[in-house]
Amino acid sequence: MLREVARQWHEMRATCGRGWDTLRHKAPGQVTFWLIALVVGAAAGFAAILFRSAINRLQAALYGTEDVNTLASFASELHWLWVLLIPLGGGIVVGLIIQFLTPDGRVRSVSDVIEGAALNDGRVEKKAGIASALCSWITLSTGGSTGREGPVVHIAAMISSWVSNLLRVDGITGRDLLGCAVAAAVSASFNAPIAGALFGLEVVLRHFALHAFAPIVVASAAGTVINRLAFGDVTEFLLPGTTTVEFYLELPAFFLMGLVCGLVAVVMMRAIFWSDDLGNRLQKRMGLPIWLRPAVTGLLLGAIAIEFPHIIGVGYETTSLALTGGLGLREALLFTIVKVAAVSITMAGRMGGGVFSPSLMVGALTGLTFAHIATGLFPEQSSAFTLYALAGMGAVAAAVLGAPISTTLIVFELTGDWQTGLAVMVSVSMSTAVASRLVDRSFFLSQLERRNVHLAAGPQAYLLAMFRVAGVMRKPGDPGAADEEACLRMIEQGLYVQQGATLETALPRFEKSGVAYLPVVTLEGAAQTPVLQGALFHVDALKAYNRALAATAAEEHS
């Protein structure tokens, strides 16, 4: 008995000693990092508020209204020529910006932030990012039919990238700071601290590691405080009273609506991609300069807005009307179709903005449309239109973003209605299950897939693209180098890999050929003659890949 007590005493002392050592050596570093996260979060929060204010001011100046929250109603009373010319002027300015300030004529967005987190140690481009922020500001102020949250996320990512470069942090810390900035930007945009924190983890970092959770929560809280200092503790949308669900009889309707919303989200995403491809073909065939594409887009948007002014800008007025049941069946259905078309035209025209606010609007309109039909069929067992619109808003947005957890919480925090949790969760789960099988998991990951950046399948797919053959090969004269004569014979047979290629290209060649190594060459001269530089061994490539997988797993589970 005494021996057991003595053993437990010694174990307790040893545990306390280890805890004290951890507290002395690691706690100061953790506290410092949390302070940095707080500063990054505050900076991102201020950036989000300033961006929103800049849009409101320019929008009010151009359209001549002080209340931008009712812009659609106000624009319907304007002379049609103004409604046509303002988006046209905005498109011309956006075109000139991307013509001269971006290397590829493309506006940066959330997908670039996700790519930076996965492949660039949590860093994003700065020059192109600043140009993209300007494009998004002008687009949203002059009638572009997109959202402000995507640009805000990229602005926050630029802030975290600057801090990461200033402090010269490693990839893990850089990604954590990126998550902090994104979380703060989202929470400051929506007054949604819980959803902001989970958005940074779920969408950008794409893991829920404990080491990242605390600093991201700190940053998200900072963003929320800044939002409430600017606007007060108010929700973005005000609902008429409390919504309730007729549980046993009505839940199948929300399952069905989730399926419908998933299909609507897929249609919306594919419409954007189809429009982008069409724009590329037309631009190439007609030889249009880069700057003219957004100008034509602005003209098209202006023409649509003459008849449907609800497409102008973020569209929160129309979303509020849908959530309060203020639109009829015909209006809700027609507005849904026109909004999807307007979003597709805006994004295909290489103008700025994001897809989150449009997906909220399309979702609310889809839910309201479904509500009109369901209520007409089963009036005795149906809840208020508000509930269907609310669940639809979450379902479409979750499917588009590929973020069921954070989107569900954003819907609750946007509306302040926590009584509808079951209906929203059922709809969101069904919509994301459907959409994720018809696209590459989300709009952002599908965008990256279209650029041959394979993040949707996980680290096992994209890590291979991070290793250049030149960094893994054995040069002539290195220990265990390949025989040069054998390499030259293999080159004559066409068995080689270029020095600038990645393991993503090299490993399939090993599988196909069955050889132990491949010669590494550079192609020189007009005849592109292969010149031997070394050899890539299959075992070396697999070792590098395995180390990368182990490091990723360690980060995601720490």
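This is a predicted model: local features need pLDDT of at least 70, side-chain atom pairs count only at pLDDT 80 or more; totals for chains, interfaces and linings use all residues.

The largest nonpolar core holds 151 residues, and V400, F443 and L536 have the most contacts inside it. By nonpolar core I mean a set of buried Ala, Val, Leu, Ile, Met, Phe, Trp, Tyr and Cys residues joined through side-chain atoms within 4.5 Å. Buried stands for under 20% relative accessible area, exposed for over 50%, and partly exposed for values in between, with a 1.4 Å probe and protein chains only. Residues are numbered from 1 along each chain as its sequence is written, and side-chain values use heavy atoms, with hydrogens and water left out.

Which residues does L536 contact, leaving aside its neighbours within four places in sequence? Among them are V469, V472, M473, L503, F510 and Y517, where contact means heavy atoms within 4.5 Å.

Let us turn to the strands. Helices (H or I, at least four residues) and strands (E, at least two) are DSSP runs, numbered from the N terminus. Strand β2, residues 517–524, is mostly covered, with six of its eight residues buried. Two strands pair if DSSP finds at least two bridges between them. Strand β1, residues 497–498, runs parallel to β2 and is joined to it by two bridges; here V497 stands opposite V520. Strand β3, residues 529–537, runs antiparallel to β2, with eight bridges between them, and Y517 stands opposite F537 in β3. Four residues lie between the strands in the hairpin of β2 and β3, where G525 takes a positive phi near 80°.

Finally, the cavities. On a 1 Å grid over the protein atoms alone, a cavity is a set of points where a 1.4 Å probe fits but cannot get out, and lining residues have an atom within 4 Å of a point. Of the 13 residues that line the largest cavity, E149, G150, F199, F356 and L401 are the closest to its centre. Helix α7 gives the most to this lining, with three residues.

Technical notes
On a 1 Å grid over the protein atoms alone, a cavity is a set of points where a 1.4 Å probe fits but cannot get out, and a pocket is an open set with protein on both sides within 12 Å along at least five of seven lines; lining residues have an atom within 4 Å of a point.
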